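Take a look at the chain below.

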Amino acid sequence: MTPDRITIREARSDTDYYRAYPIIRQLMPQLDMQTYARRVFVARATGYRMFIAEAGEDLIGLIGMVPNHNIHDGFVMYIEHVVVDRKHRSKGYGRLLIRFAEERALEDGCRLVQLDTEEGAGVDQLYEKSGYVRTGFYYEKVLSDFEPGQ
């Protein structure tokens, strides 16, 4: 398969999100189905959109995006994750999904796309080849009453 034979469309049904779960688990292996379903429900209600790349019935990969208005940058499209199924990696599908997200951002009136990645995730090259520039660092803090995975 080549990137020109791929269809990218918004995941709209529970079936679409169910089909995406095994691919999301390739990025987040600790994510159980119940937690995934709960997070998808809340995320969709707050603006998250998932787009899936398909070739016929085969799910190639997906990209999650969230529009955000903030004081620092104005209107930003945030790429939450890009995941290409293991058997389809290194064929240009990741770049295709990123380009798709950029086009959607422009259609929505957004001129800035942001994303973050964990150190050692091995995707820096993908983002840099797609024109992204490292602009800072990512920090997090686990709060004492917070259970990771919720």
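## Strands and cores

Gly-61 stands opposite Val-84 in β4. The model is predicted. β3 and β4 are antiparallel partners, paired over 10 bridges. A hairpin of 3 residues links β3 to β4.

β4 also pairs with β5, strand residues 112-115. Here the strands run parallel, with 4 bridges. Met-77 has Val-113 in β5 as its bridge partner. Together, β4, α3 and β5 form a right-handed β-α-β unit.

| Strand pair | Sense | Bridges |
|---|---|---|
| β3 and β4 | antiparallel | 10 bridges |
| β4 and β5 | parallel | 4 bridges |

Now turn to the nonpolar cores. In soluble globular proteins, nonpolar side chains tend to be buried together. The largest nonpolar core here has 23 residues. Ile-6, Ile-8, Ile-63, Ile-79, Val-82 and Leu-97 have the most contacts inside it.

What does Leu-97 touch, leaving out residues up to four places away in sequence? Its contacts are Ile-8, Ala-53, Gly-61, Leu-62, Ile-63, Val-82, Val-83 and Val-84.

A second core is separate and has 16 residues. Among them are Ile-23, Ile-24, Tyr-36 and Met-50.

How values were computed
Residues are numbered from 1 along each chain as its sequence is written. This is a predicted model: local features need pLDDT of at least 70, side-chain atom pairs count only at pLDDT 80 or more; totals for chains, interfaces and linings use all residues. Side-chain values use heavy atoms; hydrogens and water are left out. A nonpolar core is a set of buried Ala, Val, Leu, Ile, Met, Phe, Trp, Tyr and Cys residues joined through side-chain atoms within 4.5 Å. Buried means under 20% relative accessible area, exposed over 50%, partly exposed in between (1.4 Å probe, protein chains only). Contact means heavy atoms within 4.5 Å. Two strands pair if DSSP finds at least two bridges between them. Helices (H or I, at least four residues) and strands (E, at least two) are DSSP runs, numbered from the N terminus. A crossover is right-handed if, with the strands pointing away from the viewer, the path from the first strand over the helix to the second runs clockwise.
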